[in-house]
Amino acid sequence: AEIIIVDTPADAGAVAGAAIALLVDRRPDAVLGVATGSTPLPVYSDLRERLAGRDVSQVRAFALDEYVGIARDHPESYHSIIDAQVTVPLGLTRGLVQVPNGQADDLEQAALEYDAAIRAAGGIDLQLLGIGTDGHIGFNEPGSSFASRTRVKTLTPQTRSDNARFFASVDEVPRHALTQGLGTILEARHLVLLAFGESKAEAVARAVEGPMSARVPATAIHLHPHCTVIVDRAAASQLV
Ligand code: F6R
C-alpha cells in the first residue's frame with residue numbers, strides 16, 4: 001500500500017476528497033464506496049466544498065455496511081447516517097445511493113442482492129475505509145475470510161463498546177451487521193483507508209506491516225494492487 005502521513009484529519013480529507021473529485025471529473029457516473037463512523041467525516045466535509053457547483057446527479061454510491069436489529073429510520077442506522085452525511089450534503093441522487101438492507105426478513109437474500117447490485121453497477125471505483133481498533137474493515141471482524149462476500153457478521157464486544165458513543169448505552173448497540181465481505185471490498189478498483197488518532201495506531205501498524213492474518217481483517221489490503229492508506233501522525237505512531 002501507499003502510505004500518506006498527514007498532519008490533521010482535515011488534510012487527509014483533502015487528499016481523499018481530491019482523488020474522489022478527480023474520479024468524478026473523469027467519470028460523471030462514478031461508483032463510490034462510502035463508509036460511516038467518525039473517520040470519513042473530514043472527507044465528506046472536504047467534498048461538500050470541492051464538489052459544490054459540479055453536476056453529481058449521476059454519481060452512484062454503495063455503503064459498506066448496515067446494522068441489523070434497528071429500524072431503517074433510526075437516527076443511527078447507516079441508512080440514516082449516509083443520507084444525512086453523504087447523500088443530502090453532497091447533493092447525490094437518492095435512488096443512486098444504496099445501503100445494505102439490514103432490516104430485510106431474508107438477510108441472506110438481501111446480501112446476495114447487494115453484491116449483485118454492486119456488480120451490476122460495474123463495481124466500485126473508489127472505496128473509502130475506516131479501520132476498527134480490532135482491525136476490522138467494514139464489519140468484517142477478526143476471523144473473517146479474505147474471500148467473504150456480503151453477509152451477516154456478529155459485532156465483537158470491542159466494536160460494540162467503540163460504537164457505544166453513538167447510542168444511549170452499549171446495550172443499545174446492535175449485535176449484528178450486514179457487511180460487504182473482504183472479497184467484495186477487494187474488488188473495488190481503489191481502496192482508500194483512513195485512520196486518525198492514537199487509538200488506531202496499533203490496528204494501522206498490524207494492517208500495514210502484517211503478517212497477513214484473518215485475525216486482522218484489514219491485512220486483506222495486501223491482496224489489493226491499489227490501496228492508499230492516509231493517516232495522521234498519531235495513527236502512524238506505531239509504524240516501524
Ligand atoms: C463503517 C465501517 C467501520 C468503521 C470502523 C471505524 O462503515 O465499516 O469499519 O470504519 O469501525 O469507525 P470510526 O471511524 O468511527 O472510528
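Trainee: Which residues does Ile131 touch, leaving out those up to four places away in sequence?

Mentor: Start with the general idea: in soluble globular proteins, nonpolar side chains tend to be buried together. In this predicted model, Ile131 touches Ile137, Leu193, Ala195, Lys200, Ala203, Val204, Ala207 and Ala218, not counting residues up to four places away in sequence.

Trainee: And which residues touch the most other members of the largest nonpolar core?

Mentor: That core has 69 residues, and Ile131, Val192, Leu193, Leu194 and Val204 touch the most other members.

Trainee: Let's turn to sheets. What is the order of the strands in the open sheet of three?

Mentor: As background, strands of a sheet pair through backbone hydrogen bonds, either parallel or antiparallel. Here the order is E4-E8-E7, and the pairing is antiparallel. Strands E4 and E7 are at the edges with a single partner strand each, so one side of each has no neighbour in the sheet. From one strand to the next, the twist averages 30°.

Trainee: Which helix packs on that sheet?

Mentor: Helix H4, residues 107-120, does, and this helix touches E4, E7 and E8. The direction of H4 makes about 30° with that of E8.

Trainee: How many bridges join E7 and E8?

Mentor: Four bridges, in the antiparallel sense, with E8 covering residues 176-179.

Trainee: Which residues does the "active site" annotation cover?

Mentor: The UniProt record, an unreviewed entry, places Asp65, Asp134, His136 and Glu141 under that annotation. Let's look at two of them.

Trainee: Is Asp65 buried or exposed?

Mentor: Count the C-beta atoms around the residue: 20 or more within 10 Å means buried. Asp65 has 23 such neighbours, so Asp65 counts as buried. Asp65 sits in strand E4, residues 65-68. Beyond its neighbours within four places in sequence, Asp65 is in contact with residues including Tyr78, Pro100, Ala177 and Thr179.

Trainee: Where is Glu141, and what is in contact with this residue?

Mentor: Glu141 lies in the loop between strand E6 (126-129) and strand E7 (151-154). With 21 C-beta neighbours inside 10 Å, Glu141 counts as buried. Setting aside neighbours within four places in sequence, the contacts of Glu141 include Asp134 and His136, which the UniProt annotation also covers.

Trainee: Which residues does UniProt list for the domain?

Mentor: The unreviewed entry lists residues 19-222 for "Glucosamine/galactosamine-6-phosphate isomerase". Over this range the chain is 32% helix and 16% strand, with the end C-alpha atoms 21 Å apart.

Conventions. Residues are numbered from 1 along each chain as its sequence is written. This is a predicted model: local features need pLDDT of at least 70, side-chain atom pairs count only at pLDDT 80 or more; totals for chains, interfaces and linings use all residues. UniProt positions are given in the numbering used here, feature names are shortened, and annotations may be inferred rather than shown by experiment. Helices (H or I, at least four residues) and strands (E, at least two) are DSSP runs, numbered from the N terminus. A residue is buried if 20 or more other C-beta atoms lie within 10 Å of its own, exposed if 12 or fewer, and partly exposed in between; C-beta atoms are placed from the backbone. Two residues are in contact if their C-beta atoms, placed from the backbone, lie within 7 Å. Two strands pair if DSSP finds at least two bridges between them. Axes are lines fitted to C-alpha atoms, for helices over the stretch in contact, and angles run from 0 to 180 degrees between N-to-C directions. A nonpolar core is a set of buried Ala, Val, Leu, Ile, Met, Phe, Trp, Tyr and Cys residues joined through C-beta atoms within 7 Å.
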